[in-house]
Amino acid sequence: MSSPSQTRWEYLTAPVLIHNTQAILNNFGRDGWELVAVTTGANPEQLVAWFKRPVQG
């Protein structure tokens with residue numbers, strides 16, 4: 001009986017500029033990153049995006 005392979009993840013946090021949000025998120029998506037959450041940074045006008053993607057190899 002073989003065990004199923006377990007997906008390993010890598011994570012990334014990145015600042016997101018409010019005036020260019022869609023372009024920034026689309027660029028990460030093209031690189032295989034999936035958006036997990038968006039939180040505020042040091043101040044309410046600063047956004048931080050949290051991404052994950054499967055580890056290759």
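Which residue in β3 does Ala37 stand opposite? Ala37 stands opposite Trp50. The legends below describe this and other parts of a predicted model.

**Figure 1. Overall fold of the predicted model, with 1 helix and 3 strands.** Read from the N terminus, the elements follow the order β-α-β-β. The radius of gyration is 14 Å, well over the 10 Å that the globule rule gives for 57 residues, so the protein is more spread out than a compact globule. Along the principal axes, the C-alpha atoms fill a box of roughly 50 × 20 × 15 Å. Of the 57 residues, 14% are buried. When contacts between residues at least 6 apart in sequence are considered, 47% of them join residues at least 24 apart.

**Figure 2. The open sheet, with its 3 strands in the order β1-β3-β2.** The pairing in this sheet is antiparallel. β1 and β2 stand at the edges with a single partner strand each, so one side of each has no neighbour in the sheet. On average, and with direction ignored, neighbouring strands are turned by 20° against each other. Strands of a sheet pair through backbone hydrogen bonds, in either a parallel or an antiparallel way.

**Figure 3. Pairing of β1 with β3 through 8 bridges.** These two strands run antiparallel. One of the residues to look for is Trp9, whose bridge partner in β3 is Pro54.

**Figure 4. Pairing of β2 with β3 through 6 bridges.** Strand β2 covers residues 34–40 and runs antiparallel to β3. A hairpin of 6 residues joins β2 to β3. Ala37 has Trp50 opposite it in β3, and Val38 has Ala49 as its bridge partner there.

**Figure 5. The salt bridge between Glu10 and Arg53.** A search of the whole structure finds 1 salt bridge. In the pair Glu10 and Arg53, the closest N and O atoms are 2.8 Å apart. The pair links distant parts of the chain, 43 residues apart: Glu10 belongs to strand β1 (residues 9–16) and Arg53 to strand β3 (residues 47–54). Are these two side chains buried, exposed or partly exposed? Glu10 is partly exposed, with a relative accessible area of 29%. Arg53 also counts as partly exposed, at 24% relative accessibility.

**Figure 6. Helix α1 and its residue Ile24.** Helix α1 spans residues 21–30 and lies across β1, β2 and β3. The helix runs at about 160° to β1. Ile24 has a relative accessible area of 15%, which is under the 20% cut-off, so Ile24 is buried. Leaving aside neighbours within four places in sequence, Ile24 is in contact with Val16 and Leu17. Pro44 is 20 residues from Ile24 along the chain, and the C-alpha atoms of the two are separated by 19 Å.

**Figure 7. The largest nonpolar core, made of 7 residues.** Which residues make up this core? They are Ala14, Val16, Ile24, Phe28, Trp33, Ala49 and Phe51. At least two residues of the core come from each of β1, α1 and β3. Phe28 touches Leu12, Ala14, Trp33 and Phe51, when residues up to four places away in sequence are not counted.

Note on methods:
Residues are numbered from 1 along each chain as its sequence is written. This is a predicted model: local features need pLDDT of at least 70, side-chain atom pairs count only at pLDDT 80 or more; totals for chains, interfaces and linings use all residues. Side-chain values use heavy atoms; hydrogens and water are left out. A salt bridge is a side-chain nitrogen of Lys or Arg within 4 Å of a carboxyl oxygen of Asp or Glu. Helices (H or I, at least four residues) and strands (E, at least two) are DSSP runs, numbered from the N terminus. Buried means under 20% relative accessible area, exposed over 50%, partly exposed in between (1.4 Å probe, protein chains only). Two strands pair if DSSP finds at least two bridges between them. Axes are lines fitted to C-alpha atoms, for helices over the stretch in contact, and angles run from 0 to 180 degrees between N-to-C directions. Contact means heavy atoms within 4.5 Å. A nonpolar core is a set of buried Ala, Val, Leu, Ile, Met, Phe, Trp, Tyr and Cys residues joined through side-chain atoms within 4.5 Å. The radius of gyration is taken over C-alpha atoms; the globule rule is 2.2 Å times the number of residues to the power 0.38.
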